[in-house]
Amino acid sequence: MTVLVSVIVGLGLSFVIGLAARAALRAAAPARHRPMFRDMPLTASFGLAVILAYVVVAVLAPVIAPFGEGEVLGDQYLPWAAPHYLGTDKLGRDMLTRLIYGARNTVGIAFATTALAFVAGAVLGIWAALAGGWMDQGLSRLVDALMAIPALIFSLLLLTIFGTSVLTLILVIAAVDATRVYRLARSVAQGIVVMDYIEAARLRGEGNWHLIRREILPNAMAPLAAEFGLRFCFVFLSISALSFLGLGIKPPTADWGSMVRENATLITFGDITPLLPAGAIALLTVAVNFVVDWQLQRASGLKE
Amino acid sequence: MGRDILLSIRGLRIDGRSGDAWHPIVKGVDLTLHRGEVLGLIGESGAGKSTLGLAAMGFARDGCRISGGTINFDGIDLRTAPEAIRRGLRGKRIAYVAQSAAASFNPAHRLIDQYCEAPVVHGVMSREKAEGDAVDLYRRMRLPNPEDIGFRYPHQVSGGQLQRAMTAMAMACRPDLIIFDEPTTALDVTTQIEVLAAIRDIVRQSGTAAIYITHDLAVVAQMADRIKVLLRGDEVEEADTRSMLAAPRQAYTRSLWAVRSFARAEQPPGTGTPVVSVRNVTAGYGAVDVLKNVSFDIHARRTVAVVGESGSGKSTAARVIAGLLPPRKGQVLMGGKTLPPGFRARSRDELRQCQMIYQMADTALNPKLRLRELIGRPAEMYLGLKGRALETRIRDLLALIELEPDTYIDRLPSELSGGQKQRIGIARALAAEPQLIICDEVTSALDQIVQEDILKLLDRLQGELNLAYMFITHDLATVKSIADEVVVMQQGTVVEHGPKGALFARPKQDYTRLLLSSVPEMDPDWLNRLLAARGEHA
């Protein structure tokens, strides 16, 4: 019964958030962009509101959080009661505080990683499609070889070689994910490079960088944006998995993935606290994909 | 007429949606079609011809709705009939032949499988009987190897054969009505004749009624019993073919009839160093030579038309000049100097001198760039214009191609009509301030009135800017109106070459005569006479 009620309340709340966010965006947007927000579906405005909330929490984490990130405050596994509104974890740290800091670490790292993977993968993929010949063959076979190694094992290997720090974590996961982005970008670009306007640009004497940036990328945005939404979620999972294995984000830095693992024992006692960070991941994933779907629909003109 | 009425459309209104608003595409048109009668629908693009044709099947495209009037097909009201009944009619009693057979066939299935689908699904005949029937129809459509051709995939047969196979497919259930939507527009003149003759015979023999949609008056004159002229969703006039051709009543119809009258005076022969000269070029892909020892010159202020059917090597010649296909033998000279064979080895100035305009403006303009950047980029790159100077140049170019700069400068290509897009292609070429512009079938995707405007624009620009044109086309009417010199190509060689007047008046080669005689004329008896003269037809 409680489950049913909370689902209904949750859906109602999302609906209200979506409506409110859309109204706010319409009012705040400059006249030029207003039509874009007018046709915006509720899911997209809800997604935008959620992403915005995450960003605010991540940026203002030290201000909002009631305690310090790694501070040990009392007994372990305290129940939900003031001043620890979401209880404490197995070392007696405040759950709410760590959730808030987790937004900063997990979202920040995942976003940086995905962005890096996309810049590298998309540029190389489009360039390979444009260059063709042995350049394309060499690069593509190299990527195939990298993709043949299971991603997690490959990341583990690289992290063991280069040591674990946030920077290497970002670089390693970005490198692994860039191979997937490369494949997509290359196949999309292959359809575009045969168009007459690319031939016209080449005949004009344009360099590769201009071709990639101005002629191909704008036309490849739709599938790449869709992939971005998915890839962002996979990166989340990779970070969590690596943290679980002790090669990701190091304690006492808060990270949603490791928080699930650390407190997993509580689930056996019917306590939902360990699921909160998982829920935070899920909510962001859904929100990102709502926004991406909306952009995708706009870009491909599916509604017309 | 005394025959029964098969299709009767009264006061039909169809709206199309743009953004949130509905605007009318067809504004209350009446149409009556008797059994066994062929009605030609003509008009420029946007006249609502295709929309009306589809409405005759009770169908409206996505983003369109039928908002008023009645469509009565043999006693069935297609507007109110349930979808199941309409689906039962389509393909069985009403069939549709689309403009591009190549795009309408499913490339993954053999022709005969696609042929058999409609009769089997509608339960008209068994698969075995349908196959036998298909061979019979293929034979009547005069397709080569009628027993085997059905077992090929669409990419294994030529465009003209596909169009005939599609007509055969439409005939599969012996429908009462076939709608032909520009079935020969994408074909060469020589191929067009075969398809026209085949379609006309099969329609007459089987007594099927047809609606024939086209923008080509000469074609409709051969095919239709009656002609209806549409303009922006309204009927202009309707009459039987002969009286319509002899004495059109409305001014608009007369302007359509007069459209092919533009012909500029032949320019005096070129003197001095040619802008471009092609010397003994042999070129090809893989092991095949597409061009064999081809030579011709293009002088400033002159238009050289290169004509021939598809596969004759005319586009390949353009690719060699542009440097896209380095020749195996021979060379290309520009202003007396040899050009490097590949465009990558050419200097920026050499690239600037030779610009191209493409057939399909849709694929030649980057859909994500605004006109400002599309036109501005060559000016920025080659002439180093920036900021205010660049802006002024873009506005000048837009004015030059007769588009209002303030309205258009920030538009995307998708916000333009077909003719306007082609104008942008021209402006982009002009922005580089070239000496030679290669026009690759630039008018063949446009309807006749727009074609005329583009040709006039090109002619005016040539005079003002001292341009040389290489005009690749399979449309001899275009050649008649704009060319000074004609190069006739067949299977990779130049078969005839000379000034337009002399070549049209006294063609020396059989092939040239064949091409010239294949251009449809307005006379409704033209096709009969031609076929009789060629002895292909009783």
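Reply: Let us begin with one residue: E433(B) is partly exposed, with a relative accessible area of 40%. Buried means under 20% relative accessible area, exposed over 50%, and partly exposed in between (1.4 Å probe, protein chains only). The model is predicted, so local features need pLDDT of at least 70 and side-chain atom pairs count only at pLDDT 80 or more, while totals for chains, interfaces and linings use all residues. Residues are numbered from 1 along each chain as its sequence is written, chains are lettered from A and ligands numbered from 1 in the order in which they are written, and side-chain values use heavy atoms, with hydrogens and water left out.

Me: Where is the place of E433(B), and what is its phi?

Reply: Most residues other than glycine have a negative phi. E433(B), although not a glycine, has a positive phi of about 50°. Its place is in the loop between α18 (418-431) and β17 (436-440) of chain B. Helices (H or I, at least four residues) and strands (E, at least two) are DSSP runs, numbered from the N terminus.

Me: Is R232(B) buried or exposed?

Reply: R232(B) counts as exposed because its relative accessibility is 57%. This residue lies in the loop between β9 (226-231) and β10 (234-240) of chain B.

Me: How should I read the surroundings of T179(A), and which residues does it touch?

Reply: Contact means heavy atoms within 4.5 Å. Not counting residues up to four places away in sequence, T179(A) touches V143(A), L146(A) and M147(A). T179(A) is found in helix α8 (residues 166-193) of chain A and is buried, with a relative accessible area of 5%.

Me: With which side chain does the side chain of T179(A) make a polar contact?

Reply: A polar contact is a pair of N or O atoms within 3.5 Å; within protein, one must be able to donate a hydrogen and the other to accept it, and residues adjacent in sequence count only if both atoms are side-chain atoms. The partner here is the side chain of R180(A), at 3.2 Å.

Me: How many salt bridges does the rule find across the interface of chain A and chain B?

Reply: A salt bridge is a side-chain nitrogen of Lys or Arg within 4 Å of a carboxyl oxygen of Asp or Glu. Across this interface the rule finds 3 salt bridges. One of them joins R319(B) to E199(A), with the closest N and O atoms 3.2 Å apart. On the side of chain A that touches chain B, α9 (196-204) and α10 (208-244) of chain A each give two or more residues, and α9(A) gives the most, with 7 residues.

Me: What area is buried between chain A and chain B?

Reply: Buried area is the accessible area (1.4 Å probe) that two parts lose on being put together, summed over both. For chain A and chain B the value is about 1900 Å², of which carbon and sulfur atoms give 50%. The contact takes 18 residues from chain A and 25 residues from chain B.

Me: How is chain B divided into domains?

Reply: Domain bounds come from an automatic or database domain assignment. In chain B they give domain 1 (5-105 + 175-258) and domain 2 (276-506). Between these two domains about 880 Å² is buried, of which carbon and sulfur atoms give 44%, and the count of salt bridges is 0.
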